[in-house]
Amino acid sequence: MKKVGLALGGGGARGCAHIGVINALQEAGIPISCIAGTSIGAAIGGIYAKGKLDELKSVLIKTRWQDVVKHFDPVIPKQGLFDGKNIIKLLKIILPNPYFKNIQIPFTVVATDLLTGKEIHIKDGNIVKAIRASVAIPGIITPYKLNNKYLIDGGVTNPLPANVVKNMGADIIIAVDLNHSFIKEKRYSGHSIKNNKLVQWLTPKHPNIIDVIESSLFMMQDQLTQKNLLICKPDFLIQPDLGTTGIFDFHEAKKLIKEGYDQTKKIIKLVKDKL
């Protein structure tokens with residue numbers, strides 16, 4: 001049988017849609033032979049490769065905004081607004097014994113070398129550290145030092161790593177693009193949680209520094225993705241309609257998972273035919 005490779009793009013909380021995509025493929029009995037992930041795509045891909053996706057899904061669908069906020073660890077912004085230590089703590093809980101050598105599905109994490117601008121592919125060592133490097137959103141989450149390199153979000157160089165999956169030996173490439181439909185209008189309405197300065201800062205009534213960085217990154221990644229798709233066109237491109245969902249809106253996980261699932265169901269017969 002042909003090998004199916006899954007390329008999971010970056011996009012913060014929008015990556016919850018990746019769970020729906022994988023669920024739909026699993027339900028249809030379509031085996032995933034290899035995975036490459038950027039940023040949140042690396043996180044979801046790694047957790048799936050370790051067989052822990054159901055546990056993550058059960059947590060996410062119950063997540064409230066106040067649950068999201070407690071994982072933020074603000075720092076004096078020398079390299080980023082948040083330190084990212086809480087991300088590592090959370091990943092360690094979800095991924096016990098987190099090493100590439102302990103997974104059965106070939107998996108590659110895409111990150112970016114901050115000092116050289118080179119795209120970095122991580123295939124061995126500690127999965128948690130690799131994911132932490134790949135989710136280091138410039139200006140928001142601090143860079144992560146790994147193997148004597150300062151690494152940042154893989155989306156800076158390769159937001160949708162279809163080419164990486166191809167190089168891993170995939171015969172059929174399914175790519176999930178999270179950024180094509182990012183809509184910012186009508187998002188500035190504040191939040192129902194009162195008297196919490198961090199919540200108010202993360203959900204402003206008007207654009208702030210996070211919104212500026214977030215919108216700029218999504219627009220940049222969308223343009224870069226379109227160019228990369230001309231070089232390496234996947235067999236199937238899934239583009240969930242995720243609207244105004246921002247990088248920290250994990251409390252919207254349930255609807256995001258459903259959107260990923262629904263969009264994938266549309267191509268299941270075509271994938272089976274190609275197999």
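Biologist: Where does Leu115 lie?

Modeller: Strands (E, at least two residues) and helices (H or I, at least four) are DSSP runs, numbered from the N terminus. Leu115 lies in the loop between strand S4 (107-113) and strand S5 (119-122). This is a predicted model, in which local features need pLDDT of at least 70 and side-chain atom pairs count only at pLDDT 80 or more, while totals for chains, interfaces and linings use all residues. Residues are numbered from 1 along each chain as its sequence is written, and side-chain values use heavy atoms, with hydrogens and water left out.

Biologist: Is Leu115 buried or exposed?

Modeller: Buried means under 20% relative accessible area, exposed over 50%, and partly exposed in between (1.4 Å probe, protein chains only). Leu115 counts as exposed because its relative accessibility is 68%.

Biologist: How many aromatic pairs does the structure hold?

Modeller: Rings of Phe, Tyr and Trp (its six-membered ring) pair if their centres lie within 6.5 Å; planes under 30 degrees apart count as stacked, over 60 as edge-to-face and the rest as tilted. The structure holds 2 aromatic pairs. The ring centres of Phe82 and Phe248 are 6.0 Å apart and the planes stand at 85 degrees, so this pair is edge-to-face. The pair links distant parts of the chain, 166 residues apart: Phe82 is in strand S3 (residues 80-82), and Phe248 is in the loop between strand S10 (236-238) and helix H10 (253-265). Phe82 counts as buried at 3% relative accessibility, and Phe248 counts as buried at 10%. The rings of Phe100 and Phe107 have centres 5.8 Å apart and planes at 20 degrees, so that pair is stacked. Phe100 is buried, with a relative accessible area of 7%, and Phe107 is buried at 4%.

Biologist: Which ring does the charged end of Arg14 sit over?

Modeller: A charge sits over a ring if NZ of Lys or CZ of Arg is within 6 Å of the ring centre and within 35 degrees of the ring normal. The charged end of Arg14 sits over the ring of Phe218, 5.4 Å from its centre.

Biologist: What joins the side chains of Asn158 and Asn163?

Modeller: A polar contact is a pair of N or O atoms within 3.5 Å; within protein, one must be able to donate a hydrogen and the other to accept it, and residues adjacent in sequence count only if both atoms are side-chain atoms. Here the contact between the two side chains, Asn158 and Asn163, is 2.9 Å. Asn158 is buried, with a relative accessible area of 2%.
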